[in-house]
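Hi everyone, thanks for coming. I'd like to walk you through one model today, so please have a look at the sequence and the structure on the screen.

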Amino acid sequence: MNFIRTVIIALPKGFYTTLKHLFKKPVTRKYPYERREMAPRYRGKHYLERYDDGTERCVCCGLCAASCPADAIYMEGGETDNGERFAKVYEINLLRCIFCGFCEEACPEEAIFLGHEYEFSDDNRDSFIYTKEQMLANRPKEKPFKRIIRKVRRIF
Ligand code: SF4
Ligand code: SF4
């Protein structure tokens, strides 16, 4: 009886389900060949900005570190020959970071931003200490959305 029920009901039902989905557009992506475009306000890996002339925007004021609820930012300041402050060392511990974006909000120089990069898994804890050089290199091409944020920030 069980055999007949399987052949007459369960098997055709299974084939029908397979056929139903065979010609449908797949809902999955072929990652990593097809990457997902993140939402404009997505907060991923940080990057540091430069001025148009190439100098670093960060003046090592420490406001980002003070506003960080996870105590993930470490910095050491220095001075250039003409007396301008800059961050000699600037590190973010990505294992502590909760990607809240407070550092970005607190920065008066518009120096630090959270980008869209989300692929930074690793099996070595040390590689999650994200250095200033890495953050400067990670700087993407400015998008129109960010340009608008800059303008709004200047007004308020
Ligand atoms: S995103 Fe939040 S938790 Fe991460 S470094 Fe910035 S302030 Fe700290
Ligand atoms: S990133 Fe911004 S808030 Fe943080 S130390 Fe540099 S200038 Fe100050």
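Let me start with a question: does isoleucine 92 count as buried or exposed? Keep in mind that we're looking at a predicted model. The answer is buried, because isoleucine 92 has 27 C-beta neighbours inside 10 Å, and 20 or more are enough for that label.

So who are its neighbours? Isoleucine 92 sits in strand β3. Leaving aside residues up to four places away in sequence, isoleucine 92 touches His46, Ala72, Ile73, Cys97 and Tyr130. Take alanine 72: it is 20 residues from isoleucine 92 along the chain, yet the two C-alpha atoms are 5.5 Å apart. And isoleucine 73 has isoleucine 92 as its bridge partner in β3.

That brings us to the sheet. Strand β2, residues 73-79, pairs with strand β3, residues 85-93, in the antiparallel sense, and seven bridges link them. Along that pairing, tyrosine 74 stands opposite glutamate 91 in β3. Five residues lie between the two strands of this hairpin, and there glycine 83 takes a positive phi near 80°.

The open sheet has three strands in the order β2-β3-β5, with antiparallel pairing. Which strands stand at the edges? They are β2 and β5, the latter being residues 129-130; each has a single partner strand, so one side of each is left without a neighbour in the sheet.

As a reminder, in soluble globular proteins nonpolar side chains tend to be buried together. Here the largest nonpolar core has 18 residues, and Leu48, Cys58 and Ile112 touch the most other members. At least two residues of this core come from each of β1 (46-48), β3 and β4 (112-114). The largest share belongs to β3, with three residues.

Let's pick out leucine 48. Again not counting residues up to four places away in sequence, leucine 48 touches Glu56, Cys58, Ala111, Ile112, Lys132, Met135, Leu136 and Arg139. Both Cys58 and Ile112 are in that list.

Ligand 1 is surrounded by 14 residues, the closest being Cys68, Cys97, Cys100, Phe102 and Cys103. Its shell has twelve nonpolar residues, two polar ones and no charged ones. Cys97 is also one of the contacts of isoleucine 92.

Which residues are closest to ligand 2? They are Cys58, Cys61, Leu63, Cys64 and Cys107, out of 14 residues that surround this ligand. By class, the shell around ligand 2 has twelve nonpolar, one polar and one charged.

Finally, a few backbone details to look for on the screen. A cis peptide bond, with omega about 5°, joins tyrosine 31 and proline 32. You'll find proline 32 in the loop between α1 (2-22) and β1.

Then there are two residues other than glycine with positive phi. Aspartate 71 has a phi of about 55° and belongs to the loop between α2 (63-67) and β2. Aspartate 71 counts as exposed, because it has 10 C-beta neighbours inside 10 Å. Phenylalanine 99 has a phi near 55° and is found in the loop between β3 and α3 (102-106). With 16 C-beta neighbours inside 10 Å, phenylalanine 99 counts as partly exposed.

Definitions and conventions
Residues are numbered from 1 along each chain as its sequence is written. Chains are lettered from A and ligands numbered from 1 in the order in which they are written. This is a predicted model: local features need pLDDT of at least 70, side-chain atom pairs count only at pLDDT 80 or more; totals for chains, interfaces and linings use all residues. A residue is near a molecule or strand if its C-beta atom, placed from the backbone, lies within 6 Å of it. Ala, Val, Leu, Ile, Met, Phe, Trp, Tyr, Cys and Pro count as nonpolar, Asp, Glu, Lys and Arg as charged, and the others, Gly among them, as polar. Two strands pair if DSSP finds at least two bridges between them. Helices (H or I, at least four residues) and strands (E, at least two) are DSSP runs, numbered from the N terminus. A residue is buried if 20 or more other C-beta atoms lie within 10 Å of its own, exposed if 12 or fewer, and partly exposed in between; C-beta atoms are placed from the backbone. Two residues are in contact if their C-beta atoms, placed from the backbone, lie within 7 Å. A nonpolar core is a set of buried Ala, Val, Leu, Ile, Met, Phe, Trp, Tyr and Cys residues joined through C-beta atoms within 7 Å.
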